Amino acid sequence: DDRGYVRGTVNLPDPRGGPATLNNARRYGPLPGNRRYQGLHVRGDDVVFSLAVGDAKILEKFGFQRVEDEPVFTRTINVSPTSQQLTLLVVSAPVGQRTRVERTTASSAAGYVAVHSGGEVRLIGFRGLPQDVRWNLQDGHLSLSLPELATGLQFQLSIGALRPTTH
């Protein structure tokens with residue numbers, strides 16, 4: 001289920017409708033509206049996806065690395081100037097009364113977000129984000145809302161594995 005990016009504020013239901021089953025052809029295929037896949041670029045081992053969301057042009061590169069032997073999935077994202085707020089689906093998150101998000105900043109543009117649920121936590125590091133972004137937890141998804149951008153923006157997300165909370 002890939003909703004990816006939307007224009008505006010958080011509202012991420014899949015507009016194609018219906019359950020994800022093999023017999024539901026509406027659930028698969030292009031998203032309606034102004035979100036458009038524009039292709040991909042390959043350079044060596046790097047693959048960069050090109051998207052358009054409203055008036056924003058987005059380039060996104062995925063990666064994988066190990067940090068202290070722990071798997072980390074990375075997303076490097078370039079967003080052109082845009083007159084619209086954008087919301088990016090970051091990762092699925094557990095749903096429950098005890099699920100919460102905590103943001104910790106290491107500097108003005110870097111830090112991490114911890115998604116806690118029950119006895120587990122997932123850390124998402126970030127670098128290059130403006131101060132006025134909003135992290136949202138809704139309907140089992142962690143999303144990131146970007147403000148209007150007068151200039152382009154490049155940032156990176158590093159998504160760690162779900163692991164037990166240490167007390």
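Modeller: Let's begin where Glu120 stands opposite Pro164 in β13. Glu120 belongs to strand β9 (residues 120–127), and 2 bridges join β9 to strand β13 (residues 163–164), the two running antiparallel. Strands here are DSSP runs of E with at least two residues, while helices are runs of H or I with at least four, and both are numbered from the N terminus. Two strands count as paired if DSSP finds at least two bridges between them.

A word on the background: this is a predicted model, in which local features need pLDDT of at least 70 and side-chain atom pairs count only at pLDDT 80 or more, while totals for chains, interfaces and linings use all residues. Residues are numbered from 1 along each chain as its sequence is written, and side-chain values use heavy atoms, with hydrogens and water left out.

Back to β9, which also has strand β12 (residues 153–160) as a partner: 4 bridges join them, again antiparallel. Here Arg127 stands opposite Gln156 in β12. β8 and β9 pair in the antiparallel sense over 8 bridges, with Val113 opposite Ile124 as one of the facing pairs. The hairpin of β8 and β9 has 2 residues between the strands, and in it Gly118 takes a positive phi near 60°.

Strand β8 (residues 110–117) is largely enclosed by the rest of the structure, because 7 of its 8 residues are buried. Buried means under 20% relative accessible area, exposed means over 50%, and partly exposed lies in between (1.4 Å probe, protein chains only). β8 has another partner in strand β7 (residues 100–105): 6 bridges join them, and they run antiparallel. A hairpin of 4 residues leads from β7 to β8, and Val101 in this pairing stands opposite Val115.

Glu102 forms a salt bridge with Arg100, their closest N and O atoms being 3.1 Å apart. A salt bridge is a side-chain nitrogen of Lys or Arg within 4 Å of a carboxyl oxygen of Asp or Glu. Glu102 counts as partly exposed because its relative accessibility is 37%, and Arg100, at 41%, is partly exposed too.

By this rule the model has 3 salt bridges. Another one joins Asp46 and Lys61, with the closest N and O atoms 3.9 Å apart. This pair links distant parts of the chain, 15 residues apart: Asp46 is in strand β3 (residues 46–53) and Lys61 in strand β4 (residues 56–67). Asp46 is partly exposed at 37%, and so is Lys61 at 29%. Then there is the pair of Glu60 and Arg75, whose side chains meet at 2.4 Å, N to O. Glu60 lies in β4 and Arg75 in strand β5 (residues 70–79), 15 residues apart, which again links distant parts of the chain. Both Glu60 and Arg75 are buried.

One last stop is back in strand β3, where Val47 lies. Val47 is partly exposed, at 31% relative accessibility. Together with Tyr37, Leu40 and Val42, Val47 forms a nonpolar patch on the surface, with about 370 Å² of accessible area in all. Strand β2 (residues 35–43) gives the largest share of the patch, 3 residues. Patches are made of residues with over 30% relative accessible area and no salt bridge, joining like charges within 9 Å and nonpolar side chains (Val, Leu, Ile, Met, Phe, Trp, Tyr) within 5 Å. The accessible areas come from the Shrake-Rupley method with a 1.4 Å probe, and for residues only the protein chains shown count as cover.
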